Amino acid sequence: MSLILIIEQTLNGIQFGVMLFLMAAGLTLIFGVMGVINLAHGSLYMIGAFAAAAVAGATGSFLLALAASLVVAAIAGALIELTVMRRLYDRDHLDQVLATFALILIFSEGTRWAFGSFPLFLDIPDALSGPITLPFGVQYPLYRLAIIGIGLVVALGLFALISRTRIGMQIRAGESDREMIGALGVNISVLYTLVFALGAALAGFAGALIGAIQSVQVGMGEPVLILAFVVVVIGGIGSIKGALVGALLVGLTDTLGRFLLPSFFGLFMEPSSAMSVGSSLSSMSIYILMAAVLLFKPTGLYGSA
Amino acid sequence: MKLKTILMAASVAALAHTAQAEGVKVGMITTLSGGGAGLGIDVRDGFMLAIAQSGSTDIEVVIEDDQRKPDVAVQLADRMIQSDKVDILTGIIWSNLAMAVVPSATAQGKFYLSPNAGPSPLAGAGCHPNYFNVAWQNDNLHEAAGAYSNDAGYSNTFILAPNYPAGQDALTGFKRFFEGALAGEIYTKLGQTDYAAEIAQIRASGADSVFFFLPGGMGISFLKQYADSGVDLPLVGPAFSFDQGILQAVGDAALGVMNTSQWNKDIDNAANAAFVTSFQAEYGRLPSLYASQGFDTANLLLSAMAVADVNDADAFRAALEAANFDSVRGDFAFASNHHPIQDIYVREVIKEGDVYTNRIVATGLTDHSNAYVAECSM
């Protein structure tokens, strides 16, 4: 096992983690500020990817496609907040889960109706396609490197937004005491719509970025949604920093587990059974990680009790 | 999605004197949504094209989407058998779904005609007189790919497939014929969309070629990411990794790749020429091998209906075993375990005008049967 392989797999893990962060950041903000479990977050990821694929198909511009994913997902998020979520803040979590699950079905069938069942394809822009050579002779696809860069910039931007701006102050205040900031004259319903639209835009953006290396299809958001929930639980509900650390942990555990575990079992088992034991264990690895974190920190790494 | 197609004529009077006055009811369970939708849609369209062309008025087809989920497929099969009272089931694409549905359906006395999935247990010890596979036994195309890799002079191949029955059959089949060494062997998750970790291992493995079996959306994701990774080892695969649906999405990255198939649009016989032309006219796209399998399945069924009543199971089974229909593949016969004996070709991905497609460059295996005939006793 060479150093080059380990570096490449680590980069893969970070890239996966950064993508999960974009999903989990919105999820954790919405849960932290509004106390709402939004299962439809995966649908927003799908909406962003479809918006990007449609715009890229019509204009041929990847930048316009990315912009479209942000705008369309934000609008969809704001509409969901105004029409559905607003009625659910005072209800218990079960009602919220039911309503947002219904939204998943509505969005999936709606998208199938509009775009059909066949996957759509979004091409990597020419400027970012192909591999580049990094130090130590590592060859790595430029586009995946760009995703890592973009994700880290978004993370920095979110930290700045939360800790340095007025809106961020209100969001933090909303997390600690919802009634009080309303009493202090902050327009809480506008704040909620904003936070929801921001989370939706991030999810849609992630969908568009990933759509270019995978395929854009109905139901693409749900597997990511499950992992994003794992990230939120590991990082601590409501914490952006937790979402970043949790996402990178999950991304690295999943990617490295997938290739290290089978070779580890290969040391003392025959190849085929090592392969099967290794791959079944690696698909459990992130849940084992989650259980271990919860054992020592029941509120997540950066969660407050 | 509920899609119910009924081709039942009102003119019952015209049928009164024919043998099968009651008509035959077919339940089709196939994948019409998600990353595997292209396969199910092609099987369905090929099947329904043959039914429409036959002008047969005594066959009714109920079509449902299994979403590539075994539990959904089992529920659909139960409902079709118990409330819809179908005589024949067909349509399943994925071997894990076939393993969940077929044994119980055939045990209840229903016929199952597989237009795709051919898992090894159903060809060997678990074979059943009422189970027929019209496509291939799962190992077949991969065996031909292994034989082709020998001919191409590859001696150190990296192989990967999804971790489900057809994926295991794929690697087993490839290894049965491939004589070189393996640089690595990986099972991926069924439905996986990101292959960065696997591609990194291929890069580090020192292989001289890559064999992969990734049908549907999985193949599209893999090929796009492989092309972007800068790894330029030659690829070999079964037709499932390079079918008509995948090629349009992947484009130039697949040009020149060799793959193995029991069917291609340029197989020279009258039935195939008519099929390719009429499929294009009807649906506005080139047929894939899945469409050809759906088409053959329907024609096999129609050929049996012409000589036997489905309610007379023994006569109907004998009519199916005779396989007296014009297959678009040319010569076609059933082995004793009800899986095809057929030629398997080596194809190359080419570009015709703006369309990516395959052409046959050689015959890989002639009159090829399967490795499980001896294990099947019925």
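This is a predicted model: local features need pLDDT of at least 70, side-chain atom pairs count only at pLDDT 80 or more; totals for chains, interfaces and linings use all residues.
Laid along the principal axes, the C-alpha atoms of chain B fill a box of roughly 70 × 45 × 40 Å. Buried residues make up 58% of the chain. Looking at contacts in chain B with a separation of 6 or more, 73% come from residues 24 or more positions apart.

Chain A has another make-up, with 11 helices and two strands. The C-alpha trace of chain A spans about 65 × 50 × 35 Å along its principal axes, and buried residues account for 50% of the chain. Of the contacts in chain A between residues at least 6 apart in sequence, 77% join residues at least 24 apart.

Phe229(A) sits in helix H9, residues 221-235. The cut-off for burial is 20 or more other C-beta atoms within 10 Å, and Phe229(A) has 20 such neighbours, so it counts as buried. Val138(A) is 91 residues away from Phe229(A) in sequence, and the two C-alpha atoms are 32 Å apart in space.

Now for how the chains meet. The contact draws on 32 residues of chain A and 27 residues of chain B. On the chain A side, at least two residues each come from helix H1 (3-34), strand E2 (138-141), helix H5 (142-164), helix H10 (240-266) and helix H11 (271-296). H1(A) gives the most, with five residues. By class, this side of chain A splits into 14 nonpolar, 14 polar and four charged residues.

Across the boundary, 21 residues of domain 1 are in contact with 23 residues of domain 2. On the domain 1 side, helix H1 (37-54), H3, helix H4 (120-123) and H11 of chain B each supply at least two residues. The largest share, three residues, comes from H3(B). The domain 1 side as a whole has 12 nonpolar, eight polar and one charged residues.

H3(B) covers residues 95-107, and at 1.5 Å a residue its 13 residues should span 18 Å; the end C-alpha atoms are 18 Å apart, which agrees. Even so, H3(B) has a kink of about 30° at Val101(B), shortly before the proline Pro103(B). Val101(B) is also among the buried residues of the helix, along with Ser95(B), Asn96(B), Leu97(B), Ala98(B), Val102(B), Ala105(B) and Thr106(B). An α-helix has 3.6 residues a turn, so residues three or four places apart point the same way. Just past the end of H3(B), Gly109(B) takes a positive phi of about 85°. As for H11(B), its 19 residues (289-307) should span 27 Å at the same 1.5 Å a residue, and the ends are 28 Å apart, which agrees.

Most residues other than glycine have a negative phi. His338(B) has a positive one, near 65°, in the loop between strand E12 (333-334) and strand E13 (340-352) of chain B. With 27 other C-beta atoms within 10 Å, His338(B) is buried. Asp367(B), likewise not a glycine, has a positive phi of about 45° and is found in strand E14, residues 355-368 of chain B. The exposed class takes residues with 12 or fewer neighbours; Asp367(B) has 10 inside 10 Å, so it counts as exposed.

Key: Residues are numbered from 1 along each chain as its sequence is written. Chains are lettered from A and ligands numbered from 1 in the order in which they are written. Helices (H or I, at least four residues) and strands (E, at least two) are DSSP runs, numbered from the N terminus. The expected span of a helix is 1.5 Å times one less than its number of residues. The bend at a residue is the angle between axes fitted to the seven residues ending there and the seven starting there. Two residues are in contact if their C-beta atoms, placed from the backbone, lie within 7 Å. Ala, Val, Leu, Ile, Met, Phe, Trp, Tyr, Cys and Pro count as nonpolar, Asp, Glu, Lys and Arg as charged, and the others, Gly among them, as polar.
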